[in-house]
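Please find below my comments on the structure under discussion.

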Amino acid sequence: MKYFSTNRQSPIVDFREAAIQGQAPDKGLYFPETIPAVQAAVLQNLKQLDEAGIAYEVIRPYVGDTIPAHELRRIVAETLSFPIPLVNVNEHIAALELFHGPTLAFKDVGARFMSRCLGYFLRNETRKVTVLVATSGDTGGAVAHGFYKVPGIEVIILYPSGKVSPVQEKQLTTLGHNIQALEVKGTFDDCQRMVKEAFTDDQVAEKRFLTSANSINVARWLPQQFYYFLALRQWEYEFPPVIAVPSGNFGNICAGLLAMQSGLPVQHFIAACNVNDVVSSYLRGSEWQPRTAVPTLSNAMDVGNPSNFVRILELFGHSISDLKQRLSAATITDEETLLAIQRIYNESGYLADPHGAVGYLALERYLQAHPGLHGIFLETAHPVKFPEAVQRALQKEQEIPAALEQLMQQPKQARAIEPDYEELKGYLLD
Ligand SMILES: *Cc1c(COP(=O)(O)O)cnc(C)c1O
């Protein structure tokens, strides 16, 4: 498999090169030259095959010969070392729970796969390999855990002081070993600016092999297809599901659409957004109009310029009318999100996090308008990561899972730095 850049000004590369580079040199996103069809024998026997076996068949054509079969099987098995259950919430709606991984959000799947691929690709690199990443919350923890103790790789995470939730901060700052956290006295934008500057600094490049771990990397995007197949493996109806995906940067839903183009039976996709709804407006006929993100309760979806949407356009050959046949978008406000958390809990006893609640509500509305269908929403994070929203919706504290209790008692290890590139540079050269 070869990958081209969506800006079409960069050389064609293989999976290895795309995964190491992250973004193409022309600042486009890498996209596969062809969409492989998943073998009929796999699709027809989902319920009989084991999970890692399905995932291996799905990813193998994308990886090509850049990773030998036995290594890829190991990587896939390690990626999926936790359950991804489909849980019935009511008669028509089921939740695909993607929060049973080490950092309690779906990003664990992509981060675990990517970290192991990079660990393999860079195993013979003689310079010090450093994964440098800025996070607004969930990405940092997932990347930290993904690369934890991966030989030869050091991870440096920049996060904005006081702007991540307590659970998120602990996930970033308590691992130690090859994971280092820099607590930046500034905003997420400061963190991102400093990281970008490091990538263009020749003095740093002489000393370290820097690589990024952000969500546009193909090695993080493509394995997100796995759980759509695992959802269908647990699906009990004959007619395919409608799937609602809480969306911010649109990587997750783009992986679902890719799975569908590869043959996975899905009736329809819904991009469930909060008020940061550039895509919904676009699908309603407005111009493509990126804007500054507004803070909401579902903060992992506060994205004003969703990078992966260009990949969705590629998937549908830039035909908006084809796209609209398979994808709708919905906008859900914070007020509606809180009411949804409350109502889902009261009606079904199911506790949704704010992102999942946005997905649930978007799905419920679609099913009401299209009677007779059944659907799945992706529960993208554990509610305990967003205690404030849940407290506001239900007027009560959540129980902290035992595993998390232990995490919350670990001492935080982070070095505080000013939002000044020279400080980061000094650290990188030290
Ligand atoms: C990152 C994230 C999202 C958004 O996913 P995209 O792939 O950026 O659309 C949704 N929910 C949670 C909990 C997340 O961490």
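1. The coordinates under review are a predicted model, and the remarks below should be read accordingly.

2. A search of the whole structure returns one cavity of 30 Å³ or more. The largest cavity holds about 30 Å³ of space. Its lining is made up of N88, N90, E91, H92, I93, A94, W235, Y237, H374 and G375. Sorted by class, this lining of the largest cavity comprises four nonpolar, five polar and one charged residues.

3. Aromatic pairs and the contact of F15 with F121. The structure contains 14 aromatic pairs. In one of them, the ring centres of F15 and F121 lie 6.0 Å apart with the planes at 65°; because an angle over 60 degrees counts as edge-to-face, the pair is assigned to that class. The pair joins distant parts of the chain, with F15 in helix α1 (residues 15-21) and F121 in helix α5 (residues 107-121), 106 residues apart. Both partners fall under the 20% limit for burial: F15 has a relative accessible area of 1%, and F121 is at 4% relative accessibility.

4. F309 is buried, its relative accessible area being 1%.

5. Aromatic cluster. F15 and F121 also belong to one aromatic cluster, together with Y3 and Y120.

6. Charges over rings. Two arginine side chains deserve mention here. The charged end of R73 is placed over the ring of Y56, at 3.8 Å from the ring centre. Likewise, the charged end of R311 sits over the ring of W221, 4.2 Å from the centre of that ring.

7. Helix α7. How many of the eight residues of helix α7 (residues 166-173) are buried? Seven of the eight are, and the helix is therefore largely enclosed by the rest of the structure. The buried residues of α7 are V167, Q168, E169, K170, Q171, L172 and T173. These buried residues pack against α6 (138-147), β6 (153-160), β7 (179-184), α19 (402-409) and β13 (414-417).

Conventions:
Residues are numbered from 1 along each chain as its sequence is written. This is a predicted model: local features need pLDDT of at least 70, side-chain atom pairs count only at pLDDT 80 or more; totals for chains, interfaces and linings use all residues. Side-chain values use heavy atoms; hydrogens and water are left out. On a 1 Å grid over the protein atoms alone, a cavity is a set of points where a 1.4 Å probe fits but cannot get out, and a pocket is an open set with protein on both sides within 12 Å along at least five of seven lines; lining residues have an atom within 4 Å of a point. Grid points are joined across faces, edges and corners, and a volume is the space filled by probe spheres set on the points. Ala, Val, Leu, Ile, Met, Phe, Trp, Tyr, Cys and Pro count as nonpolar, Asp, Glu, Lys and Arg as charged, and the others, Gly among them, as polar. Rings of Phe, Tyr and Trp (its six-membered ring) pair if their centres lie within 6.5 Å; planes under 30 degrees apart count as stacked, over 60 as edge-to-face and the rest as tilted. Helices (H or I, at least four residues) and strands (E, at least two) are DSSP runs, numbered from the N terminus. Buried means under 20% relative accessible area, exposed over 50%, partly exposed in between (1.4 Å probe, protein chains only). A charge sits over a ring if NZ of Lys or CZ of Arg is within 6 Å of the ring centre and within 35 degrees of the ring normal. Contact means heavy atoms within 4.5 Å.
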